[in-house]
Amino acid sequence: MATAQNITVRVGVVLNMDGFGQMSFNCLSMALSDFYSTHKQYRTKLVLTDRDSKDDAVGAAAAGLDLLKNVEVQAIIGPVYSSQANFLISLGHKAHVPIITFSATSPSLSSLRSPYFIRATLKDSSQVGAIVAIIQGFGWREVVAVYENSEFGEGILPFLTDALEQVNVRVPYRSVISPSATDDQILAELYKLMAMQTRVFIVHMLNPLASRLFTKVKQLGMMSKDYAWIITDSITNDLNSMDRSVIASMLGVIGVKPYVPQTKELDDFTTQYKKKVLQSNPKALGVDIYGLWAYDSAIALAMAAERVGLANLTYQETNTSTSSTDLEAFGVSLSGPELIQALSNITFRGLAGDFRLVDGQLQAPPYEIVNMVGPGARGIGYWTKESGIVRELNITIVSKKNYATSKSNLGPTIWPGDEPSPPKGWVVPTRGKKLRVGVPVKAGFTDFVRVTWNSDNSTTVEGYCIDVFNAVMAALPYGVPYEYIPFATPDHKMAGNYNELVYQVYLGNYDAVAGDVTILLNRSQYVDFTLPYTESGVSMVVRIQDDKRKNTWLVFKPLTWQLWITTFISCIVVGFLVWLLEREKNTEFGGSRLHQLGMIFWFAFSTMVFAHRERVVSNCARFLLIIWLLAVFVLTQSYSASLTSMLTIQKVEPTVTDINALIRNKDYVGYSNTSFVFGFLKKHFDESRLRPFNSAEQMDELLTNGSANGGIAAAFHEIPYLKLFLGKYCSKYMMVGPTYKADGFGFAFPIDSPLVPDVSREILKVTEGKKMVEIETTWLKKNEKCPDPDTLIPPKSLGLSSFKGVFVMVAIAVIVAIIFRISCGIKICPRPELDLEEEIKDIDELLLWYKQNRHPQNPLLDSQNASAQKATTSQQGESSPKMNGEIELGDRNGKRKNNLIIRA
């Protein structure tokens, strides 16, 4: 067996020989002991040579240099801290000796790009995804990073801030605390945090400083309701070494840590460690995840050494001058390149989970999300790169499509202050000041915002916009104290325009702006606006005048000329087709050509008033007539309604109808000198044609004077102002022209202010409720004597487009009638015959006529007439069918068909 382990491989260990260093070295020793006890056939054996780094970067460098120069080790395990690793990695790179760390987690070490650096632990940036998912899940929009002032503390910041920025979460402040800070310095920094509105803190520091920090946090009452604390794995992994009083002060804290599967091998090792170490030294630290990574590192290095064989364990001397320093006076390991290559390809199932290196970095496992409750941490969920936050871990299911950040996937959570519900993440700052709300000082249109100075120089702020803001803030589910600060000069005038007022929020002079502030793109670059609480748009107001147009032809105005012409043509076409279908079998449509032409026009136009008396016997003509009468009914009813409206409405008209007329006439137009409308008008009018006004009274004066007399022809303003103006001057002016889109009035807050979504949500509730009606009634009450502006404009004439469907039906009926007539003309359909029943009916009508027109009072005259008729008949024979008292029926074509003589 002796020949199986005849190659001794020297491995250096650089650790702080404190409690943590002793625990780590014990894990390394136990790892090699366990490994070689089960692999007795191995020809290589690692032998550890330890050096104390003395908790110092220089000490770690000196220890490493000693191992390389004097011991000529083939690999170095350590050091503990990232600040110690930088120089040691450079030494390993020069000597071609692998440097393996199981506890230096700073991401900045990866930037050294040394092929001889192996990180057998997780870099701090691996946990950023889990932290961001937690913040997303609870909907927090701002967080404060609290970290120690060291390379370790700063290493995670770029990765954390970038990840938060991608999900629109701001980091408004970074709290940096030195590891050597006094208690007073820690308290001073905590007081700064208390004065801020953000209440979500991410703490990234090592155990010694974290223990002191949370002790002070508890003392200041910051571990209470409304606070949220998230700790990184640098603290969560080290909870076993913390004092119980510190852990008790962390009730409600959320943390993340790498997931370590519970296996039989891990349980056996833990039991073995307790027997070998803790029984002999009860004060020794228990095994944490860093101890497990140290154990796996030693196993990986032993496997790599055996795989390579390491036949040549010598150092090659380098050419150094006599003046070289000790830093240059060491050789280069000949087996280093092979060893690092073999180590990079080692994979196995270790105590801490899967051991697999990619580019010299240990690949991250899932993270466990824990909640500090009672004496320790309780798991409430997991996070994986593929699935996000999950309640139960199922590594076999991998699907990025189902990535989730919902807080519902977490188990029951206790928050600071023993609260069951999560904090909203921010509060009103406790710096002794209320929310400073800037308001404009207006000279006109004060119904929206009115600022009054009292005798003691205090101010009273009221108005429509102020009442809306008060109602919205009162509706918030939490109290927000605030005060109004007028944007005014010492002489109580407005200190600038609205753009400058909004910019004060960006400068930090105001915490918000409430007033008639329009939401504009250029302003949104400096502030965040809430949802608008008024309608939007820019329009113009002009004077009104009586409609002086003559009413002589008013009877024709209800319909457009196109509709009149279409109706006239339709009448002629329908009348002609009815005559064409009826003339062969209906004597009422017969007679001379002039008579038939008159019948066409008479019948067509008599249907317009349903005054036609002629019988229609053709089914096709009847079908056409039904459709036409339906169209006539619709047209006449619509005509009557439109004419009635024109006769009864107040006849007024605007002096100007659109902006193009103003431009053509080169009229002067007005604008408010505090509004953004000036910039809009400059795009359409010459600047010399623009005249400002600052109140409704001045606006009325300018409009009354007119463009030719030093006034204006039209006034442009936002719709809320125009409606207020028309409420006072409704008898003189009206709103006309198109409405140019704008986004309405909104409240301004700093960019990414957490108040914006809550205030916007309450704006929707207020504007949809009764409160908004009450506010509008109070400040924007309409003059009851004013008619509806829409009723001042005469209705438009009805056009052809309004009756398109009606005339389509008529056209279809006409086409059917024409097809029928053509079919009969080519004898596809039989020529109609007068049947016996129709002739008998005609005979009955003639007999009735005869009886009604004969002379019953003079029998002699009747006998004389009878004699005369006989004489005439004897002379003319049967040539005349029109003899008095005698009727002969012929066919419809005038040819004799039936010689039926009826005698009286």
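The chain exposes about 45200 Å², of which carbon and sulfur atoms supply 53%; accessible areas come from the Shrake-Rupley method with a 1.4 Å probe, and for residues only the protein chains shown count as cover. The model is predicted, so local features need pLDDT of at least 70 and side-chain atom pairs count only at pLDDT 80 or more, while totals for chains, interfaces and linings use all residues. Residues are numbered from 1 along each chain as its sequence is written, and side-chain values use heavy atoms, with hydrogens and water left out.

Of the 904 residues of the chain, 47% count as buried; buried means under 20% relative accessible area, exposed over 50%, and partly exposed in between (1.4 Å probe, protein chains only). The chain has 28 helices and 33 strands, which are DSSP runs numbered from the N terminus (helices: H or I, at least four residues; strands: E, at least two). Among contacts (heavy atoms within 4.5 Å) between residues at least 6 apart in sequence, 70% join residues at least 24 apart.

Leaving aside neighbours within four places in sequence, Ile-235 is in contact with Val-203, Met-205, Ala-210, Phe-214, Met-242 and Met-250. Val-203 is 32 residues from Ile-235 in sequence, and their C-alpha atoms are 8.6 Å apart.

Ser-335 lies in the loop between strand S12 (332–333) and helix H13 (336–344). Ser-335 counts as buried because its relative accessibility is 4%. Not counting residues up to four places away in sequence, Ser-335 touches Gln-74, Leu-310, Asn-312 and Leu-313. The side chains of Ser-335 and Ser-333 are joined by a polar contact of 3.5 Å, that is, a pair of N or O atoms within 3.5 Å; within protein, one must be able to donate a hydrogen and the other to accept it, and residues adjacent in sequence count only if both atoms are side-chain atoms.

Backbone geometry is considered next. Most residues other than glycine have a negative phi, and most peptide bonds are trans. A cis peptide bond joins Gly-78 and Pro-79, with omega about -5°; Pro-79 lies in the loop between strand S3 (75–77) and helix H3 (82–95). Two non-glycine residues with positive phi are listed below.

A search of the whole structure finds one cavity of 30 Å³ or more. On a 1 Å grid over the protein atoms alone, a cavity is a set of points where a 1.4 Å probe fits but cannot get out, and a pocket is an open set with protein on both sides within 12 Å along at least five of seven lines; lining residues have an atom within 4 Å of a point. The largest cavity has a volume of about 60 Å³, and its lining includes Tyr-498, Arg-523 and His-717.

The second largest pocket has a volume of about 1100 Å³. Of the 43 residues that line this pocket, Gln-363, Ala-364, Pro-365, Pro-366 and Lys-385 are the closest to its centre. Strand S14 gives the most to the lining of the second largest pocket, with five residues.

Methods: Grid points are joined across faces, edges and corners, and a volume is the space filled by probe spheres set on the points.
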